[in-house]
Amino acid sequence: MKQFLEIGKIVAMQGLKGEVRVEPWCDSQEFLCEFDTLYFDKGEKPVEITRSYPHKNIVVMKIKGIDTIEQAQPLRNKILYMDRNDVELEEGCFFVQDLLGLEVLDEESGELYGNICEVTATGANDVYHIKDADGRIRLIPAIPDVVKETDIDGGKMIIHKLEGLFDED
């Protein structure tokens with residue numbers, strides 16, 4: 001598992017005092033605002049966040065030592081990373097990056113349906129995109145009736161195929 005996970009991207013400058021606008025790549029803007037330390041360069045370079053707040057669909061951040069628009073300009077398009085040790089996930093919650101690539105198996109037959117290639121957040125629940133060996137994408141809801149076991153370390157997810165879950169050819 002990766003220690004440092006992508007959490008957002010600096011997309012623009014905000015004002016003249018070195019603040020940056022960050023596109024969040026996480027569940028919510030508020031989650032991104034919780035961090036006092038984030039990282040550049042895939043976790044190699046820690047940066048102290050002195051202030052952050054949601055604004056429309058982005059997060060405005062002040063990074064310690066970045067005090068002018070000229071200092072902030074080179075940060076445009078840089079990816080921000082979080083250390084997974086800075087977050088304690090609730091039982092049954094996972095980082096999307098840990099789910100990607102998991103093998104998805106039927107709980108009864110053991111049939112391999114494919115691997116998770118994408119996760120989409122919907123209002124009610126997430127949806128896992130499963131790509132099979134032929135490149136076909138199947139969608140499953142991330143609900144307890146379907147997802148029976150998620151074994152990140154083992155690289156697999158066990159599902160119960162509800163009637164009508166997959167459109168069969």
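This is a predicted model: local features need pLDDT of at least 70, side-chain atom pairs count only at pLDDT 80 or more; totals for chains, interfaces and linings use all residues.
Tyrosine 128 has isoleucine 140 of strand E10 as its bridge partner. Strand E9 covers residues 126-131, and its pairing with E10 is antiparallel, with five bridges. Between the two strands sit five residues, and here glycine 135 takes a positive phi near 90°.

Aspartate 132 and arginine 136 meet through their side chains, 3.1 Å from N to O. Aspartate 132 counts as buried because its relative accessible area is 13%, under the 20% cut-off. Arginine 136, at 32%, is partly exposed.

That pair is part of a set: the count of salt bridges comes to six.

| Positive residue | Negative residue | N to O distance |
| Arginine 136 | Aspartate 132 | 3.1 Å |
| Lysine 78 | Aspartate 41 | 3.4 Å |
| Lysine 64 | Glutamate 48 | 3.7 Å |

Take lysine 78 and aspartate 41, which form a salt bridge at 3.4 Å. This pair ties together distant parts of the chain, 37 residues apart: lysine 78 is in the loop between helix H2 (69-72) and strand E6 (79-83), and aspartate 41 is in the loop between strand E3 (37-40) and strand E4 (45-55). Lysine 78 is partly exposed at 25% relative accessibility, and aspartate 41 is also partly exposed, at 41%.

Then there's lysine 64 with glutamate 48, bridged at 3.7 Å. Again distant parts of the chain are linked, this time 16 residues apart, with lysine 64 in the loop between strand E5 (58-63) and H2, and glutamate 48 in strand E4. Lysine 64 is exposed, with a relative accessible area of 55%, whereas glutamate 48 is partly exposed at 40%.

Now for the whole chain. You'll find three helices and twelve strands in it, and the C-alpha trace spans about 60 × 30 × 30 Å along its principal axes. Of the 169 residues, 38% are buried. Among contacts with a separation of 6 or more, 50% come from residues 24 or more positions apart. The accessible surface is about 10100 Å², and carbon and sulfur atoms own 46% of that. As for charge, there are 19 positive and 35 negative ones, and their mean positions are 11 Å apart.

Key. Residues are numbered from 1 along each chain as its sequence is written. Side-chain values use heavy atoms; hydrogens and water are left out. Two strands pair if DSSP finds at least two bridges between them. Helices (H or I, at least four residues) and strands (E, at least two) are DSSP runs, numbered from the N terminus. Buried means under 20% relative accessible area, exposed over 50%, partly exposed in between (1.4 Å probe, protein chains only). Contact means heavy atoms within 4.5 Å. Accessible areas come from the Shrake-Rupley method with a 1.4 Å probe; for residues, only the protein chains shown count as cover. Lys and Arg count as positive and Asp and Glu as negative; His and the chain ends are not counted. The place of a charge is taken as NZ of Lys, CZ of Arg, CG of Asp or CD of Glu. A salt bridge is a side-chain nitrogen of Lys or Arg within 4 Å of a carboxyl oxygen of Asp or Glu.
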